[in-house]
Amino acid sequence: MTTLRDAPPAEPATRPGKAPRPSGDRSAAAVTRRVLAYVALTLVAALVLVPFAWMLSASLKRDNEVFTVPIEWIPHELRWSNFVDIWDRIPLLTYLGNSAFLSVSVTLLQLLSGSFAAYGFAKVRFPGRDALFMAYIATIAVPWQAYMVPQYIMMQKADLTNTHLAIILLQAFGAFGVFLMRQYYMSIPDELCEAARIDGLSEYGIYWRIMLPLSKPALASLALLTFVNTWNDYMGPFIYLTDNDLWTVQLGLRSFVGQYDAEYAMIMTGAVLSVLPILAVFLLGQRYFIQGIATSGLKG
């Protein structure tokens, strides 16, 4: 008589017609996918950095060597003197100072206005809130060229043309900043605000003492995006600023463009110097920037 102890062990259940895949094959496939992903990211990063490498290379050449074919990535004679001569050719320090003033001013105002409006749209209930928010966000789809002329007429009638104040006022409010901050505020539990209201804290106090300290990553993201956009803006200063002492660095580089030719080596030298502040700001705030983008609903 056969007992359970003497019975042969049951064979593991497998799907008919398909052998179980060894764990080693799965790990090898995962490693292969990861290697391919890193290779693809490296190639994309290299393609993105090619223009910057060419800009740096061109800044160390003579004008007649900038557009040589094939490209000479490392010049035979490195003209480091370009980075010294440019300060004597144009008032670059004034231009950099104007760009920094406009960028910092616009960034601070956008942080204040964007975060404050986003708090109202995210945590304060009032009739028509969602419809008003959608109407406000819809303005992002309107191109700037559509209202460029009316804005200029308004600034001209207010006697603000040829002043930095015109650019600051026009760029101090932005629908994108409100959208970014609202998406982040929506991730903060409403119970936190309700508890603060029960404790007697006003809406202004909740915004200033609770919401702002908790939204540092989103604020850093908005600050970086606004700073870079304002620093690189060309059309705004070009339209409103006519005095050379008010020019930004983007307008200042136009000084090297003549009627029949251009000093491309000096233009590239100025471009390299103009990128350094943006690079410094990004390196300082990249941790908060990545965290803010990942938690504000903008990730892919």
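A: Happy to! This is a predicted model.

Q: Nice. And how many residues are in the largest nonpolar core, and which have the most contacts inside it?

A: The largest nonpolar core has 35 residues. Those with the most contacts inside it are Ile-86, Ile-90, Leu-92, Trp-231, Val-249 and Phe-256.

Q: Which helices each supply at least two residues of that core?

A: Helix 1, helix 2, helix 3 (92-123), helix 6 (164-171), helix 10 (216-231), helix 12 (249-252) and helix 13 (264-295) each do. Helix 13 gives the largest share of this core, with 8 residues.

Q: What other core lies apart from it?

A: Another core, of 25 residues, lies apart from it, and Ala-118, Met-211, Leu-212 and Leu-219 are among its members. As background, nonpolar side chains in soluble globular proteins tend to be buried together.

Q: OK, switching to the outside. Which residues form a nonpolar patch on the surface?

A: That patch is formed by Val-50, Ile-71, Trp-73, Ile-74, Leu-78 and Trp-80, and together they have about 630 Å² of accessible area.

Q: Where is Trp-73 found?

A: Trp-73 sits in the loop between helix 1 (23-58) and helix 2 (82-89). Its relative accessibility is 40%, so Trp-73 counts as partly exposed.

Q: Now charges. How many salt bridges does the structure hold?

A: There are 7 salt bridges. In one of them, Glu-263 pairs with Arg-89, and the closest N and O atoms are 2.6 Å apart.

Q: Which parts of the chain does that pair link?

A: Distant ones: Glu-263 is in the loop between helix 12 and helix 13, while Arg-89 is in helix 2, 174 residues apart. Glu-263 is partly exposed because its relative accessibility is 23%, and Arg-89 is partly exposed too, with a relative accessible area of 44%.

Q: What about Arg-129, buried or exposed?

A: Arg-129 is buried, because its relative accessible area of 18% is under the 20% cut-off. Arg-129 forms a salt bridge with Asp-130, where the closest N and O atoms are 3.5 Å apart. Asp-130 has 45% relative accessibility, so that residue counts as partly exposed.

Q: One last thing: which residues do salt bridges with shared partners join into one network?

A: One piece of it is the salt bridge between Arg-197 and Glu-203, with the closest N and O atoms 2.6 Å apart. Salt bridges that share partners join Arg-125, Glu-194, Arg-197 and Glu-203 into one network.

Technical notes: Residues are numbered from 1 along each chain as its sequence is written. This is a predicted model: local features need pLDDT of at least 70, side-chain atom pairs count only at pLDDT 80 or more; totals for chains, interfaces and linings use all residues. Side-chain values use heavy atoms; hydrogens and water are left out. Patches are made of residues with over 30% relative accessible area and no salt bridge: like charges are joined within 9 Å, nonpolar side chains (Val, Leu, Ile, Met, Phe, Trp, Tyr) within 5 Å. Accessible areas come from the Shrake-Rupley method with a 1.4 Å probe; for residues, only the protein chains shown count as cover. A salt bridge is a side-chain nitrogen of Lys or Arg within 4 Å of a carboxyl oxygen of Asp or Glu. Helices (H or I, at least four residues) and strands (E, at least two) are DSSP runs, numbered from the N terminus. Buried means under 20% relative accessible area, exposed over 50%, partly exposed in between (1.4 Å probe, protein chains only). A nonpolar core is a set of buried Ala, Val, Leu, Ile, Met, Phe, Trp, Tyr and Cys residues joined through side-chain atoms within 4.5 Å.
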